Amino acid sequence: MAKILEKLKTREDFMAFCRANSHRLDRRKGKEDGKHTIAVCSSSGCHASGSESVYDMFKAEIEKQGAQDLIDLDINGCFGFCEKGPICKVYPEDTFYIQVKPEDAAEIVKSIVEKSKPVEKNLYTNPATGEKIANQEEIPFYKKQKRIALRNCGLVNPTSLGDYLANGGFKGFLRVLFDLTPEEAIEEMKEAGLRGRGGAGFPTYLKWDICRKSPGETKYLICNADEGDPGAFMDRSIMEGDPYSVVEGMMSAAKIIGANHGVVYIRAEYPLAVERLSSAIEELKKVGLLGKNILGSPFSFDIEIKYGAGAFVCGEETALIKSAEGDRGEPTVKPPFPAQKGLFGKPSNVNNVETFANVPYIYGHGPEAFNKIGSEKSKGTKVFALAGKVNNVGLVEVPMGTSLREIIYDIGGGIKNGKEFKAVQTGGPSGGCIPSSLIDTPIDYEHLSAIGSMMGSGGMIVMDEDNCMVAIAKFYLTFTVDESCGKCTPCRVGNKRLLEILTKIVEGNGTEEDLEDLENLSLVIEDTALCGLGQSSPNPVLSTLRYFRDEYEAHVNQKICPSHECKALAKYAIDPAKCIGCTKCARNCPVNAIHPTDKPAKNPKLFIHKIDEATCIKCGTCANNCPVKAISL
Amino acid sequence: MKKSGKFVIRVCLGTACYVRGAEKILHKFQETLGIKEGETTSDGLYTLETVRCVGACGLAPVVQVNGKTYGNCTLESVQQILEENK
């Protein structure tokens, strides 16, 4: 019969439990014990590139090669280097394998059994030197990173409470529970200087203090896990790779505020994150770390998971609360703030996933360990989802104050295919585009808002010379119009009008007045929309107008798209030097706009073709069909 | 309610995919299948949909067919994806 675990009833019970688990990460931290662990990344990014079949293949190979007593097979959380997935690691050697396919499993297992050198073809190659790198820390992508919120991601098995404890888990909560008064704990948080990682950067200590002082018996603690910004996946990776640290952060915050009920509001589109969080909560209930009178203290706390249906507006705290109550997800007027009147009318505190993931570190290592990192007013680190036209795509965590250049070039490895860097978009649909001239801007709350963007939740999309900034502004506005909840007029109607003007411009019908209208309307929406998301929705338009006005003017005045992205402004032409007169373009043209000229091609029986601009509908079919790539924009 | 096709093709139009040319992939699907997004081919084989971010930004642009993810898609991948799912 399976051993039934006794619930932990006292601090001493808990300490004994920690000691019993303290060895669990030894091998992963490099201690040799004669055996090896292969850990396969089990987060969504690597799942998408096929890590589950890699895991199965490792299992089969270990059996086939009779290495069951030598090799343990395990899973890991997100390493962040999603572009190079599936990723797996071998311990204690600490070998970092990338792009592992099921058929590579045999060779990797063999190299461990035979104690030979790591399998070269699955090692990372430094693009600058061509040298193979076996160790994670040596890879340029990781060198400038500082991992606090992601400290356990890629180190622990995310489903193991024991692993979490072995890396110092719940040390901070224990201090908050037994050693610190709520006032002292808030003082420590103030000293640490943690600010909300969801976007706005409100000081965490202050939010907690206001809620704590709000009168009322019942209080709620809410974790905002409704990551709705397209192109951002920080929170998902944290929940998938280290769910216990989010829960521990919530437990500490709840104890300090005096909340006995916790709610995680999470997108239903994140099935794996939901699964990992739920199993973490269940496990903690089982051992008695969640529930009534935790470890014999007067503090009781439980956590419930509520599902969001993926509405962008529900990331706004008042809309989130409405949705969690079962109503339509629409923002309400502040004040009253959630800290005064939140979920079910009770004082509530809402923090984002990444904010909670930082809390255990602060209480576990002390505020100085946290506030010595970062810039003057923005302390600690920030996780970014680096994506777009950059060589190394993935999750990066850097100290606040790191420059955009360091992130894009040193960590991101520069722009893909040797193209020219044009802009980086931070903050998602609420943020702005930062031009290449400002690439040395240090990343923190103050600097980003000074240049018309914002920290946002941490999406960072890199764009190159081929991206049209007017089209990008239109892309974000399309998103905002789709996602506007419709409660207030500036956002519901204003953004629709903005989108109409932008569509007019990219279709080549824009005028000078349209640019003025864009600017004026944007400023009105910024001033008058109800919620934070509405107020920041014109940011993509305002920032591109500010830094890329020449592109707007080219669309409006010369009717050209300098990046050749806007189809309506495109002019397809056949290069007479390349055309072989095969007629493939003419035969495929849906509107019969391509005709032969009287100039013979290389084969004198065939003739060079020409596109009639007036008839052309710019569908690009000819360019796609040309066998010699003679047709271009 | 409309019946969806045997294969539901979802082209991701999240920011990372968009920046890496997801719209062109969508157009290629529309052109090849002769349907717009939200529609199903007359033989009931394919439904074309768009989604905003499946979280696999590292593999952008991304297409999902019945839950299976195809990463780093190019215009050539469109034909391959259709070949593989029929």
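**Close-up views of a predicted complex**

View 1. Chain B has an average pLDDT of 91, and 100% of its residues score at least 70. Keep in mind that this is a predicted model. For the complex, the predictor reports an ipTM of 0.87 along with a pTM of 0.90.

**View 2. A four-stranded open sheet in chain A.** Walk across this sheet and you meet the strands in the order β9-β8-β7-β10, with parallel pairing. At the edges sit β9 (302-308) and β10 (348-352) of chain A, each pairing on one side only. Neighbouring strands here are turned against each other by 20 degrees on average, ignoring direction.

**View 3. Zooming in on β7 and β8 of chain A.** Strand β7 (residues 220-225) runs parallel to its partner β8 (residues 261-267), and six bridges link the pair in chain A. In general, strands of a sheet pair through backbone hydrogen bonds.

**View 4. Two helices of chain A side by side.** The axes of α7 (residues 171-179) and α11 (residues 243-257) in chain A come within 9 Å and cross at roughly 10 degrees. That is under 35 degrees, so α7(A) counts as roughly parallel to α11(A). On the α7(A) side, the contact involves A:Gly172, A:Phe173, A:Val176 and A:Leu177. Facing them from α11(A) are A:Glu248, A:Met251, A:Ser252, A:Lys255 and A:Ile256. Sorted by class, this contact has five nonpolar, two polar and two charged residues.

Notes. Residues are numbered from 1 along each chain as its sequence is written. Chains are lettered from A and ligands numbered from 1 in the order in which they are written. This is a predicted model: local features need pLDDT of at least 70, side-chain atom pairs count only at pLDDT 80 or more; totals for chains, interfaces and linings use all residues. Two strands pair if DSSP finds at least two bridges between them. Axes are lines fitted to C-alpha atoms, for helices over the stretch in contact, and angles run from 0 to 180 degrees between N-to-C directions. pLDDT is the predictor's confidence in each residue, from 0 to 100. Angles under 35 degrees count as roughly parallel, over 145 as roughly antiparallel, 65 to 115 as roughly perpendicular and the rest as oblique. Two residues are in contact if their C-beta atoms, placed from the backbone, lie within 7 Å. Ala, Val, Leu, Ile, Met, Phe, Trp, Tyr, Cys and Pro count as nonpolar, Asp, Glu, Lys and Arg as charged, and the others, Gly among them, as polar.
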